[in-house]
Amino acid sequence: MLWIPIDRTLDIPLKRQVYDYIRKQILHGELAAGERLSATRELAVQLGISRNVIVEAYEQLLAEGYIEGQQGAGTFVAPGAFLEQLQRDEIKQSFDVSKGKKKEKDLIDFRSGIPALDMFPRRNWGKLAKEVCIEAPNYIFGYDHPEGRTELRRVLSHYLKRTRGVECHEGQIVVSSGATQAFSLITKLLLTHGDEVLIEDPITHEIQTIFTSTGANLCPIPVDEQGIRTDLLSGDKIPSFIFVTPSHQFPLGSILPIQRRIQLIQYARATQCYIVEDDYDSEFRYDGEPISSLQGLDPERVIYVGTFSKNLSPALRLGYLVLPQALIEQCRNLKWFNDLHTPSLDQRILARFIEEGLLERHIRKMRKVYMNRREILRKALAREFGEAVKISGDSTGLHLIAEFTQVEFTQDLLERLLQNNVKVYPVELHTIQKDRHRNKVILGYGNLREEKIDEGVMRLKAALEF
Ligand SMILES: Cc1ncc(COP(=O)(O)O)c(C=O)c1O
């Protein structure tokens, strides 16, 4: 007779408990094909539950093919319902993250590109989300156009013109799920196997992976303290596009001067290629106004990519492309193949957030917070390392570069730092041509509270044995 552990305190219906238990026994092979199951009446008496519960559980198992039987002849385990369980156990183990949790709690993580998560404007966003959900017309809950909500694209085009000098109308914008999806769309739009992409070196490792996923080749152009070395652009090969982060080079932090911007555009015009401008965190500029976009200099040559991951939250997965006329239709189609469209309600909330001036208010507030964090980090580095450290790339954004005179950030050293509960990210992680930046680390401070920044630098010093 089958014994089924029934637990009445659980929030799971009894029928589900009986069904689950028998199903697992069959899948795991503990009830073998052809084996007879207890009669419903007997089992109900034995477990002290209603016979109907057992009948319904059996009916479900019958409908799904786990058991078979005929009225009066008994119920039997069906053949072919046993599944080898080895894989499941392995998966379970790899998801067991409880080990080492305590350590992670004390870790001070200088990961870059994360805004202050505890300062997301929850109240304003939540209020708008509630209003939008209640007041939005019914069609908002249906399928939408791939390019995104018109109201968002409209406010965004005004906002970008005003704050970033981007020349565009709403029809040029395609809303994407973060900048990451925008890069994937550009890859599909412009790259096939063997194509060339000219790209800043170093540049985010993830972006390199996306562009090479189609078999394209990256042609690295070194970056100096002013950004991409435009003097090294050669006419040898015609690239599909040039990828740049001109407002705040990632990771080195340089700002591309107008002369180099013009050279880039002249090069793109001469080779008939596009420029992809990734403008990920330029609103947080501390020493003056945000730098104007490259797109404003030649809207037909530049594909401008923006994101709300840094000025609001990466969890929103909201970004956008501003496209030259020639690419709009194709990009909309690709977005449609990809995921139909980015969630409409979130787009509508964001449109209201921008329209009501809340985005700019939030950015103003956060600029002060980040400026203060940057100051604390700079002071702590100067205090602990003095002449042995050089800081750069810190005029904008949520990270800076610390270059050490006598340190090489090897894997061993990074592990030693982790043992000291501090995590830093070497520039070398993002390089294409290796061994040029081994003494530099990226220190992100956006999501680190002031006291953690100080403590983190002290841990860094202890581990580096200065
Ligand atoms: C250089 C760069 N661009 C863009 C992004 C933003 O990506 P997403 O909008 O998908 O969050 C990142 C993320 O860290 C980044 O490092």
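**Notebook: pocket and sheet**

I looked up the largest pocket and found about 720 Å³ of space in it. I note that the model is predicted.

Next I asked which residues sit closest to the centre of this pocket. They are R111, S112, T204, E206 and K310, out of 24 residues that line the largest pocket. I then checked which elements give two or more residues to the lining, and these are helix 8 (178–190) and helix 9 (205–212). Helix 9 supplies the largest share, four residues.

I sorted the lining by class. I got 11 nonpolar, eight polar and five charged residues. I also looked at domains. Domain 2 (104–118 + 366–464) and domain 3 (120–360) each give at least three residues to the lining of the largest pocket.

I found an open sheet of eight strands with mixed pairing, in the order 4-11-10-9-8-5-6-7. Strand 4 (173–176) and strand 7 (227–228) are at the edges; each has a single partner strand, so one side of each has no neighbour in the sheet.

I then went inside the sheet, to one strand pair. Strand 9 (residues 274–279) and strand 10 (residues 302–307) run parallel and are joined by five bridges. Which residue of strand 10 is the bridge partner of D279? I found G306.

Last, I checked helix packing. Helix 7 (residues 150–164) lies across strand 4, strand 9, strand 10 and strand 11 (319–322). I read its angle to strand 4 as about 105 degrees.

Key
Residues are numbered from 1 along each chain as its sequence is written. This is a predicted model: local features need pLDDT of at least 70, side-chain atom pairs count only at pLDDT 80 or more; totals for chains, interfaces and linings use all residues. Side-chain values use heavy atoms; hydrogens and water are left out. On a 1 Å grid over the protein atoms alone, a cavity is a set of points where a 1.4 Å probe fits but cannot get out, and a pocket is an open set with protein on both sides within 12 Å along at least five of seven lines; lining residues have an atom within 4 Å of a point. Grid points are joined across faces, edges and corners, and a volume is the space filled by probe spheres set on the points. Ala, Val, Leu, Ile, Met, Phe, Trp, Tyr, Cys and Pro count as nonpolar, Asp, Glu, Lys and Arg as charged, and the others, Gly among them, as polar. Domain bounds come from an automatic or database domain assignment. Two strands pair if DSSP finds at least two bridges between them. Contact means heavy atoms within 4.5 Å. Axes are lines fitted to C-alpha atoms, for helices over the stretch in contact, and angles run from 0 to 180 degrees between N-to-C directions.
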